[in-house]
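I opened the notebook to look up a few local features. Below is the model I worked from.

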Amino acid sequence: MFVRVSLCIVSVCVCVKEWANRAALPSHIVTLLKNFPNNVHPMAQFSSAIAACNSESKFAKAYSKGVKKTEYWEVGATVFLKH
């Protein structure tokens, strides 16, 4: 039991560190979020920001270059392994 809990804690720490390394937002996303009225629900802000991140998406760029759907995993692996 202790080993399992320790592994979970290590996994969480690795995940938190990875998220911290990727925490920077493009300036247009920050501007978008700052321009929402105060009464906009946080989930609406979140979903809008995620959709606006499409301009930074490695998958969208690969799609526009004609990468086949069956090769998307390679794009994802490349993105993940660079960090």
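I started with Ser-57, which counts as buried at 18% relative accessibility. My classes: buried means under 20% relative accessible area, exposed over 50%, partly exposed in between, with a 1.4 Å probe and protein chains only. Ser-57 sits in the loop between H3 and helix H4 (58–64). Its side chain reaches the backbone nitrogen of Ala-60 at 3.0 Å. I took a polar contact as a pair of N or O atoms within 3.5 Å; within protein, one must be able to donate a hydrogen and the other to accept it, and residues adjacent in sequence count only if both atoms are side-chain atoms.

Notes on the source. This is a predicted model: local features need pLDDT of at least 70, side-chain atom pairs count only at pLDDT 80 or more, and totals for chains, interfaces and linings use all residues. Residues are numbered from 1 along each chain as its sequence is written, and side-chain values use heavy atoms, with hydrogens and water left out.

Next, the fold. I found five helices and zero strands in the protein chain. From the N terminus on, the order reads α-α-α-α-α. Helices (H or I, at least four residues) and strands (E, at least two) are DSSP runs, numbered from the N terminus. Of the 83 residues, 8% count as buried. I also checked contacts, meaning heavy atoms within 4.5 Å. Among those with a separation of 6 or more, 30% join residues 24 or more positions apart.

Then the surface. The protein chain exposes about 7100 Å², and carbon and sulfur atoms supply 67% of that. Areas come from the Shrake-Rupley method with a 1.4 Å probe; for residues, only the protein chains shown count as cover. Met-43, Phe-46 and Ile-50 make a nonpolar patch of about 330 Å². Patches take residues with over 30% relative accessible area and no salt bridge; like charges are joined within 9 Å, nonpolar side chains (Val, Leu, Ile, Met, Phe, Trp, Tyr) within 5 Å. Phe-46 lies in helix H3 (residues 42–52). Phe-46 is partly exposed, at 49%.

I looked for salt bridges: a side-chain nitrogen of Lys or Arg within 4 Å of a carboxyl oxygen of Asp or Glu. The structure holds one. Arg-22 pairs with Glu-18, the closest N and O atoms being 2.5 Å apart. Arg-22 is partly exposed, at 33%.

Last, cysteines. How many disulfides are there? The count is zero, with a disulfide taken as a pair of cysteine sulfur atoms within 2.5 Å. Cys-13 is in none; its nearest cysteine sulfur, that of Cys-15, is 10.0 Å away. Cys-13 is partly exposed, at 47%.
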